[in-house]
Amino acid sequence: MMDRELKNRLADAFHAPEPEKKESFIKNLRPREIGIPEMIITQIPYIRFPIWLFSLLTAAVAMGGAVLGMEDTEFLITVLMPFNAAIAVFEAHRSRRYGMSELEMATRFSLRSVVFARLVILGIVSGIVLATASPVIAASFGRSTLLTAIRILIPYLITMMISLIIERSSLGRTHGYASFVIAGASLALMTWVYNCAPVILAGYEEFISVWGLPAMIILLAMTFAEQWKTVKNVEAFA
Amino acid sequence: MDLEKAYDKIYRYAYFRVKNVTVAEDITQETFLRFFGKSGTFHENDMKYLYTIARNLCIDEYRRLKPDELPEEENEAETAVSFPEEIIIVRDALERLADEEREILLLRYVNEEPVGTICRALGISRFALNRKIKNAEEELKKNLKEDE
Amino acid sequence: MKLSVDRITKQYKNKIAVDRISFDLTEGVTGLLGANGAGKTTLMRMMSGILTPTGGEISADGIPVQSENYRALLGYLPQDFGYYPEFTAKEFLEYFSALKGIDRKRAKEKTKELLELVGLYDVAGKKIKTFSGGMKQRVGIAQALLNDPRILILDEPTAGLDPKERVRFRTLIEELGKNSIVLLSTHIVSDIEHIADRIIMMKDGALVWQGRQSDVEGDLEEFYLKRYE
């Protein structure tokens, strides 16, 4: 066996002067392969227009409502965001709905990357909507931007988590619209609380003002965990 | 494994057979062109094929030159700053080995190729290769001891 | 390249779909024969890295089957597949090019080349939902070839093709077998009669015969039916 030192000395002794035409040769020889970030970007045009439209709409409602000083604006956004979550989860499973799973699984990046890309893209879009809506709403109503964002985010995260869990189950496989049912339930619940149970609403706002940040962090971690499980699980063949 | 690393390995191998940057690079590129043909796919296991092609091209290069002509050595002063004594010692020790032993040391310890790849490239059995690796190492160590 | 399948098994709760099958494949065309339910699809799914075996190993030149490097070598055509409803033939192939890691410029070239190869170039811009079964199958075949695969696994690829398409397909497969490992499954013996160098026969999840087609005495069809008794 050869020791490390001798190996190094050999490497030095065998060192060749730099080749001159390597870069251009390789570029021409081999078509460039794409990496994961680029792959995610290629998935963007495949996310359908109505989805972008809905996100745009949500942001528009926030801006419009805030500018017009409509009191219910924050409530409206908090109720619309879970639908953004439902759409994200629904869209993530598009391959399954159209029988593309098997083909996608056998590619280099695989179905996992497709689902991952969809969740990442739509997560970022929702993040942008939140980041534009919260300061505007907060400013119009004299409230804290951070707490406003957290109040809106929490129902979104809960909806997303539950939708992800259900979509992975056999119930979710047979009834593709499960995530919308969850969002609808969330809408119903929040509407009831807003109109009929102001005590609960006040309690929620109180809770957020004290525990908002840690609650959000925990829910974010749980949501990411569910997303991770969803991505890993797509390989399970029925 | 990426193409760049493979290129470096083949180039280094060719350079130490033909001792000329331009010729070595030509051989390297010709090796890749011959290997690829239409498809652009390349995988780690293909290294053995690349070495076989490069090896044959180096042999062709020797044959191309007149029998009494050595490959055109490069003027080392043009291409490098003066080499530390360290390297000169090792190179001298290497020079005293047989061609094939030098080749094997390069492939095994500098290019770090697995035994299977080297067997295919040189067309010898694992048994023979292991024996030759051992001999080459021993010779080298012996030569180095003498010089130090 | 050597594709090695070593004691591969797939067991479900109440059934063994694939039972300790072993074989090796190299470049050339291998026909996988067996009735419906014999386990061909399950075996092919495992060989494509999309179904995890219960036991055994599959690898190509040492590259394990459930790895990105293996999938980069692979072209797979399943028995049934869908498509996003808005896709044209061209868009379908470009979508898969991205998933196979092919950059856009080369993807466009490859798409054009393959659509010509399967005779769909003039309908490249038409939606797949307007296609006949045979045309859709041809898109599927084109998809499998996008990354110049070294390993081509085709599950009942001739289903839905008309006689003319079948002939064209057989010629294509023969050509591909020269440089790649091609495994194609069918329950129709005539599909592989003249193009497969090797035959593997499956029944109830087990391998019942494997060998060169030239080793088969007499008619392949008769031989196959006899094995099934």
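C:Thr9 stands opposite C:Gly55 in β4(C), where strands are DSSP runs of E with at least two residues and helices are DSSP runs of H or I with at least four residues, both numbered from the N terminus. This is a predicted model, in which local features need pLDDT of at least 70 and side-chain atom pairs count only at pLDDT 80 or more, while totals for chains, interfaces and linings use all residues. Residues are numbered from 1 along each chain as its sequence is written, and chains are lettered from A and ligands numbered from 1 in the order in which they are written.

**Sheet in chain C**
- Strand β1 (residues 3–12) of chain C and strand β4 (residues 55–60) of chain C run antiparallel and are joined by 5 bridges.
- Both strands belong to an open sheet of 4 strands with antiparallel pairing, in the order β2-β1-β4-β5 (chain C); two strands pair if DSSP finds at least two bridges between them.
- At the edges lie β2 (15–25) and β5 (63–64) of chain C, each of which pairs on one side only.

**Chain C against chain A**
- Contact links 26 residues of chain C with 21 residues of chain A; two residues are in contact if their C-beta atoms, placed from the backbone, lie within 7 Å.
- On the side of chain C that touches chain A, at least two residues each come from α2 (68–73), β6 (74–77) and α3 (89–99) of chain C.
- The largest share of that side, 4 residues, is supplied by α3(C).
- By class, this side of chain C has 14 nonpolar, 5 polar and 7 charged residues; Ala, Val, Leu, Ile, Met, Phe, Trp, Tyr, Cys and Pro count as nonpolar, Asp, Glu, Lys and Arg as charged, and the others, Gly among them, as polar.

**Chain B against chain A**
- Here 25 residues of chain B are in contact with 19 residues of chain A.
- The helices α1 (3–18), α2 (21–36), α5 (85–95) and α6 (99–110) of chain B each give at least two residues to the side of chain B that touches chain A.
- With 7 residues, α1(B) provides the largest share of that side.
- The side of chain B that touches chain A divides into 16 nonpolar, 3 polar and 6 charged residues.

**A:Glu226**
- Helix α12 (residues 198–233) of chain A contains A:Glu226.
- A:Glu226 counts as buried because it has 20 C-beta neighbours inside 10 Å; the cut-offs are 20 or more other C-beta atoms within 10 Å for buried, 12 or fewer for exposed, and in between for partly exposed, with C-beta atoms placed from the backbone.
- Apart from neighbours within four places in sequence, A:Glu226 is in contact with A:Met161, A:Leu164 and A:Ile165.
- A:Ser209 is 17 residues from A:Glu226 along the chain, and their C-alpha atoms are separated by 26 Å.
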